[in-house]
Every structure is written in C-alpha cells, then in structure tokens.
Amino acid sequence: MSSALLSSGGAFNDALTARQGQTPIDMAELRRYRQGSGAPAATLESVTRQARRLTLHWSDGRTGQFPMMWLRDHCACDQCRHPLTRERLYKLLDDPLWERFDGDDALASFEFDANALTLTWQDGHVSRFDAGWLYQRCPGQELATLLPTPTPWPTHFTPSHVSHADFVDGSDGRSRWANALLRDGLVMLDQGPCELEEVSRIAESIGPMRSTNFGGRFDVRSVPNPNNAAYTAIGLELHTDLPNWRQPPDIQLLYCLENDAEGGESSFADGFAAAETLRAENPEAFRVLSETPIDFRFQDDGHDIAVREPVIDLDGEGRPREIRFNNWIRDTLSLPSDQIEAWYDAYRALWQILRRPEGRVELTLEPGQMVAFDNRRVLHGRNAFDPNTGKRHLQGTYLDLDMLQSHLRVLSR
Ligand SMILES: [Fe+2]
C-alpha cells in the first residue's frame, strides 16, 4: 500500500491511527470506522477459519461470519480500490481464484491483531482490513444510516427553527437544520438577509438546484398572464409541487423577501401522517388511493408534462413513500366507470383529513425567513392575498434528497 494511498483516506481515521502508533489500514472509506474515532468499534479478539468463511469475534461479544467471497470482493488495496476515487477496481468475474471460494482452498493464510486482519490468497494477493471497518460492516448487522428516521407529525406539531447565522457559520446549525428536515419533513430558517438569490446560495451550499420547467429558481408573486396558480394571488389549497413529473422535486426551499400584503398565510400538512390516519379510519379509501394510478398533467405553450401514478405511493413494506396531491394539475380522471365513484370518495376522505386544523402548521412567513420541506411528503398551501395592500415575494428552489442526505453524512464525518 503506497503512502499516497494512505494519505488519500479519511484524515480523521489516519490521524487517529498514527497517534496510536499502529500501521494505518486505509479502507478507502471516508466515514469514521476506526476504534476511538467516534465509530462504535471494538477490538478483534479471535478469528477462526471454517470452509468458505472466517468467523470473527470482537471484544464486546459481537461475532461475525464473513464469507471468503465477500472478503476478497471488499479488499481495499490500491489494486482493488482506486486510490483517489475510492471506487472498486476489482472485478470478481475476471478473478481466476473466484471459483475456488466455493471450496476451502482460496485462502492461503491469515493473521490478525486487535485492530487488523490480514489475508493472503492463493494467488499471492494480500488483503488487509481494519477491524473497526469489519465491525461496522459485519454481515447481518445493519450499518447505521447516519440519517434520522422520518417521523410522522403528532397533532399540533410545531416545526424546529434554526437561525440563519447558525446555519451559515457552523456545522451544528446546519446539522440541526438538516436533521429536522429529514425527520419532520419541514424546518424553518429564521432571520436571514432580505437579499435576492439568498435561497440559491443556501441551496447551492448543499447541492445543485433541481431545475424544472419553471427554471432552477422561481419567484412566487402575482404576475400578469400567469402559467401556474402560484403566480397568481389566489389561495392555494394544500398540494405537492409537480406531481405530474415522474420524479417530482424532493426538497423545496421557499425564502420570503417581502410579505406585506393582506393574507398569504402559509399552511403545511404531513402527507404521511394523513395517509396513516386514512388507513386507520378508512382502509378501503387508503387501498383505493394507493392502488389506483391516476393522471397528473401540466400544460402551457411549450410543455405537456404528464404522468400516471397513485396519490399514495407505498414502499415494499407498505409504508407511504410519496404523496401526489395537487388538485389543479390533476388531469382527466381516466378510470373504468365502475371505479370512479369509489375513487372520488377516497380522494375526498384524504382531503378532509388534510384540512383538519390539528394536523396543520399555519404560519406567516416573515421577510428573511425560509421554510424548507420534503415536497414528496409534506403538502403546502397558502391563503389568498390582496396584491393591492402590499407586496408578497418569495423565491424558491428545489434540491434533490440525495444532496441533503449527502450533506448530513459529510457533516457527521
Ligand atoms: Fe407549490
């Protein structure tokens, strides 16, 4: 392993091991994994060999069975992982030794100490593993996600607030903000500057803005000849944005620059919580909305963007994964006639739940305040405003959830 490779790994992991006077093993991994680095590692106590696998025992009692195939595939040397990109170079299909992993003779020898396992394969290749890395990735143990679990809102939910100053000047405010957003699907950022494009600067400190047919960054205010309800002064019923896309935007940021007009109060509701309430109160309505794809569509002079998906999308375990609810870009209801009444009944039942005051967050955005929410989970709306009484101007953009999750994982290094 070259010194260039050693220095390419996680600085924290390397520095820690150097302090302890051990030979660092770079696992081509930036997440903390070494014992004492903040990773929940224990030292390696024993290693026993069986046919086709090694059994490892750690000091805290954890035991792991590691198939030889898995160990060979995860070798992190600079022939098997690119020393700069950390991406896998090893190709199991091209390994002449691979067929021998099913027998008992692919491994020539092994040795270990408290912090490392070294394997020498029959072809002479040597694989070295950090014991903390193996502990983290022990087969059958779930690797901690570093991300909060989305939690449905209780009734009368109050969102978390983070100040703009805390967000900008340190990782603590940022991670509180990102954690709340991933957990609750909604978080407030307070007391920011009333500057055009601040929403873009915030977004781009996390990831590229997600562009749509409304551009990368959009202005919410009343305009002449609007092509979307958001660009009028009318009230907007609770909705998700762009359910007419195969992949609607994940995270929406709405930054308030001016809000003097009468009206225009914002409201939000947790679509996942509403779906669970529907499931409990009216299982048939829940079944209809989760099993019946319907059409969503946006059309203007240059676009016709349409998709057919259910209102409630479930994951493989039956939990709500996405809500598509936007009454003004719901297209013609194209269903067999004997399903139409049942679908409308189900849709009304969900809509009634969404309108319940105890499930909604109502607030008036202040200039310099930004709300961020998971557009595929949390619905948003606003009351009508009177553009003759003052100005109302929000700037918004979207972010991919992947970028937000990535941001939080990087902050946790
Ligand atoms: Fe919207």
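The model is predicted, so local features need pLDDT of at least 70 and side-chain atom pairs count only at pLDDT 80 or more, while totals for chains, interfaces and linings use all residues. Residues are numbered from 1 along each chain as its sequence is written, and side-chain values use heavy atoms, leaving out hydrogens and water.

**Domains**
- The protein is divided into domain 1 (3-136) and domain 2 (160-412), with bounds that come from an automatic or database domain assignment.
- The centres of domain 1 and domain 2, taken over C-alpha atoms, are 44 Å apart.

**Nonpolar cores**
- A nonpolar core is a set of buried Ala, Val, Leu, Ile, Met, Phe, Trp, Tyr and Cys residues joined through side-chain atoms within 4.5 Å; buried means under 20% relative accessible area, exposed over 50%, and partly exposed in between, using a 1.4 Å probe and protein chains only.
- The largest nonpolar core has 32 residues, and those with the most contacts inside it are L54, L56, W58, L117 and L134.
- Two or more residues of this core come from each of β1 (44-50), β2 (53-58), α3 (68-73), β5 (116-121) and α4 (131-136); helices (H or I, at least four residues) and strands (E, at least two) are DSSP runs, numbered from the N terminus.
- Another core, of 28 residues, lies apart from it and includes V288, F325, L333 and A349.

**Helix packing**
- Helix α8 (residues 271-281) and helix α9 (residues 283-291) pack at an angle of about 130°, with their axes 5 Å apart; axes are lines fitted to C-alpha atoms, for helices over the stretch in contact, and angles run from 0 to 180 degrees between N-to-C directions.
- That angle makes α8 oblique to α9, given that under 35 degrees counts as roughly parallel, over 145 as roughly antiparallel, 65 to 115 as roughly perpendicular and the rest as oblique.
- The axes of α9 and helix α10 (residues 337-354) come within 9 Å and cross at roughly 105°, which makes α9 roughly perpendicular to α10.
- In the contact (heavy atoms within 4.5 Å), A285, V288 and L289 of α9 meet A342, W343, A346, Y347, A349 and L350 of α10.

**Positive phi angles**
- Most residues other than glycine have a negative phi.
- H156, not a glycine, has a positive phi of about 55°; H156 is in the loop between α4 and β7 (160-163) and counts as exposed at 60% relative accessibility.
- E197, also not a glycine, has a positive phi of about 75°; E197 lies in the loop between β8 (186-190) and α7 (198-204) and is partly exposed, with a relative accessible area of 29%.
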